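Student: I have a chain and its ligand on the screen and would like to go through them step by step.
Tutor: Then put your questions one at a time, and I will answer from the coordinates.

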Amino acid sequence: YRQFTVLAVESSADDTCAAVVTSDRQILSNVVVRQDNYHESFGGIHPYVAIKAHQRNMPNAVKKALEEANLAVSDVDGVAFTQGPGIAGCLSVGANAAKTLAAALNKPLVGVHHMQAHALTPFLTTPTEELPQYPFLTLLISGGHTLLLLATSPRTFRTLATTVDESIGRVFDKVSRMLSLPWNTHGPGAALEAFVKFGPPAEQLVAHAEGQIEAPEFSIPMRGRLAFSYTGPHSAVERFLHARGGIVNDTTRYEIASRFQRAAVGQLEEKLALGLEACRQKDTQIRHLVVSGGVASNLFLRERLRVCLDKASPNVHISLVFPPPSLCTDNAVMIAWASMSRFLNGDTDDYTIDLRSKWSI
Ligand code: KG4
Ligand code: ZN
């Protein structure tokens with residue numbers, strides 16, 4: 001008996017990824033070539049720039065994934081790729097690489113749903129005794145996603161809530177940049193968390209005592225509804241700064257940052273509690289919440305979610321599961337892992353398979 005070895009590629013957004021994973025949960029390689037291709041003025045990833053970067057980077061990403069796994073391409077048993085959702089032109093780079101490789105090697109092919117792959121990551125990374133049990137909830141919070149999902153089986157997911165406008169991660173980034181917060185190796189979102197954690201400047205305490213703090217007020221958008229919105233908090237900060245010509249003192253910057261973080265996380269808490277309530281009404285007992293995406297590394301958020309779960313479910317303990325940060329962000333390891341059961345069951349795709357740029361979960 002030999003374990004099944006999958007080579008996977010992922011290119012749905014702006015990172016070019018390739019990885020090799022085996023059916024006995026070994027990650028043999030995990031290559032991620034990042035592009036910093038987010039355009040403030042464009043309001044997103046520039047597709048043409050991203051496609052060109054994928055075309056340039058994909059061949060070497062695959063080569064490197066095989067080298068790091070110490071494998072010849074003939075050792076690969078199956079090839080997986082992200083079929084959707086994502087930017088069509090970006091997806092096609094990975095899809096064509098995977099289809100051509102599989103056809104040339106005469107190996108089976110599987111197209112994977114990107115979001116399902118995110119949600120299935122903990123089954124690869126969690127110790128066996130702590131694996132989430134179905135049904136469980138997943139909060140996927142990053143620059144690209146703001147999603148609350150209900151997973152009832154490895155291939156059945158329901159979207160309980162998604163964002164109607166911007167993602168939580170992007171708005172963390174934008175507020176951090178508007179406040180010109182100190183540079184942080186983990187990016188502007190992490191810079192905002194660090195700025196708040198560092199504590200208020202001394203004069204803050206005096207100002208508080210004298211009741212002179214001024215900062216925008218944040219409310220929870222669409223309270224009572226299962227939907228996220230981050231444009232509200234974003235423009236509240238923008239309007240506040242604009243009215244002051246963009247000039248505010250350290251005390252005010254601190255107050256804006258900490259109120260924003262509380263509001264951004266508070267919104268997640270409110271929607272999570274609603275999601276749990278909706279499950280309870282259908283007699284669906286949840287015992288696990290998986291939290292992934294770049295924003296999941298925020299420690300204030302981790303604390304608040306723990307408190308929120310204990311409050312929403314005082315009698316039944318709900319475990320929090322955080323996959324390691326390197327596998328929370330876009331990667332091809334999760335694509336390989338999500339394809340595994342289909343390879344093992346012989347449920348594979350044709351070499352003619354199409355992309356699904358828009359694909360609900
Ligand atoms: O999953 P990810 O690495 O990739 C994209 O979706 O692009 O997520 C990146 C996002 C960024 O918007 C970043 O600001 C946010 O995650 N992020 C954080 C923290 N660390 C990263 N947001 C809040 N607090 C953090 N500590
Ligand atoms: Zn993703």
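Student: How many residues does the hairpin that joins β8 to β9 run through?
Tutor: This is a predicted model, in which local features need pLDDT of at least 70, side-chain atom pairs count only at pLDDT 80 or more, and totals for chains, interfaces and linings use all residues. Residues are numbered from 1 along each chain as its sequence is written, while chains are lettered from A and ligands numbered from 1 in the order in which they are written. Helices (H or I, at least four residues) and strands (E, at least two) are DSSP runs, numbered from the N terminus. Between β8 and β9, the hairpin runs through four residues.

Student: In which sense do β8 and β9 pair, parallel or antiparallel?
Tutor: Two strands pair if DSSP finds at least two bridges between them. Strand β8 (residues 136-141) and β9 have six bridges, and L139 stands opposite L148 in β9. Their sense is antiparallel.

Student: Which residue of β10 does A151 stand opposite?
Tutor: Strand β10 (residues 156-162) runs antiparallel to β9, with six bridges joining them. These two strands form a hairpin with two residues between them. The residue opposite A151 is F157.

Student: How many of the residues of β6 are buried?
Tutor: A residue is buried if 20 or more other C-beta atoms lie within 10 Å of its own, exposed if 12 or fewer, and partly exposed in between, with C-beta atoms placed from the backbone. Strand β9 (residues 146-153) is mostly covered, with six of its eight residues buried. For β6 (residues 78-84), also mostly covered, the count is seven of seven.

Student: Which residues of α12 are buried?
Tutor: Helix α12 (residues 333-344) reaches 17 Å from its first C-alpha to its last, close to the 16 Å expected. It is mostly covered, with nine of its 12 residues buried. They are V333, M334, I335, A336, W337, A338, S339, M340 and F343.

Student: Which residues come nearest to ligand 1?
Tutor: A residue is near a molecule if its C-beta atom, placed from the backbone, lies within 6 Å of it. Helices α5 (168-178) and α6 (188-197) each supply at least two residues of the shell. Of the 19 residues around ligand 1, the nearest are S142, G143, G169, G189 and G294.

Student: Why is the chain said to be as compact as a globular protein of its length?
Tutor: The chain has 12 helices and 12 strands. The globule rule is 2.2 Å times the number of residues to the power 0.38, and the radius of gyration is taken over C-alpha atoms. For 361 residues the rule gives 21 Å, so the chain is as compact as a globular protein of that length, its radius of gyration being close to that at 22 Å.

Methods
Expected span 1.5 Å × (residues − 1).
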